[in-house]
Amino acid sequence: MAMLSDLVKSGTWALVQMAIGFAIGLGVTGSAGFAVLIAISAGSIGSFAYWLHQRLWKTYAKW
């Protein structure tokens, strides 16, 4: 169940991250096409890294 929760949390974070990436990409490049590419790339990579970080943290951080 914890893994499902982590995936849902990562998914919602991906949406937020992609929206921010799109806005910044559009502002910097002025191109919606490039902004979408930036948003999808950064959002996917960042979300996977976040999910992996959460899994490793729960496994190894025994405070």
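Contact, as the word is used here, means heavy atoms within 4.5 Å. The structure is a predicted model, in which local features need pLDDT of at least 70 and side-chain atom pairs count only at pLDDT 80 or more, while totals for chains, interfaces and linings use all residues. Residues are numbered from 1 along each chain as its sequence is written, and side-chain values use heavy atoms, with hydrogens and water left out.

We can begin with the helices, which, like strands, are DSSP runs numbered from the N terminus (H or I with at least four residues for helices, E with at least two for strands). Helix H1 covers residues 2-29 and helix H2 covers residues 32-60. The expected span of a helix is 1.5 Å times one less than its number of residues. H1, with 28 residues, reaches 39 Å from its first C-alpha to its last, which is close to the expected 40 Å. For H2, the 29 residues should span 42 Å, and the end C-alpha atoms of H2 are 41 Å apart, which agrees. Just after H1 comes Gly-30, which takes a positive phi of about 75 degrees.

How do the two helices lie against each other? Two packed helices are described by the angle between their axes and the distance between the axes. Here H1 and H2 pack at an angle of about 150 degrees, with their axes 7 Å apart; the axes are lines fitted to C-alpha atoms, for helices over the stretch in contact, and angles run from 0 to 180 degrees between N-to-C directions. That angle makes H1 roughly antiparallel to H2, given that angles under 35 degrees count as roughly parallel, over 145 as roughly antiparallel, 65 to 115 as roughly perpendicular and the rest as oblique. The contact of H1 with H2 has, by class, 18 nonpolar, 10 polar and 4 charged residues, where Ala, Val, Leu, Ile, Met, Phe, Trp, Tyr, Cys and Pro count as nonpolar, Asp, Glu, Lys and Arg as charged, and the others, Gly among them, as polar.

In H1 the buried residues are Asp-6, Ser-10, Ala-14, Gly-21 and Gly-25, and the buried residues of H1 pack against H2. In H2 they are Ala-35, Ala-39, Gly-43, Ser-47, Trp-51 and Gln-54, and these pack against H1 in turn. An α-helix has 3.6 residues a turn, so residues three or four places apart point the same way.

Arg-55, found in helix H2, is partly exposed, with a relative accessible area of 26%. Leaving aside its neighbours within four places in sequence, Arg-55 is in contact with Ala-2, Met-3 and Asp-6; Arg-55 and Asp-6 are 49 residues apart in sequence and 8.0 Å apart in space, C-alpha to C-alpha. Ala-23, in helix H1, is partly exposed at 47%, and its C-alpha atom is separated by 7.2 Å from that of Ala-35, 12 residues apart along the chain. Ala-32, in helix H2, is also partly exposed, with a relative accessible area of 43%, while the C-alpha atoms of Ala-32 and Ser-47, 15 residues apart along the chain, are separated by 22 Å. Finally, Gly-27 lies in helix H1 and is exposed, with a relative accessible area of 65%.

Conventions. Buried means under 20% relative accessible area, exposed over 50%, partly exposed in between (1.4 Å probe, protein chains only).
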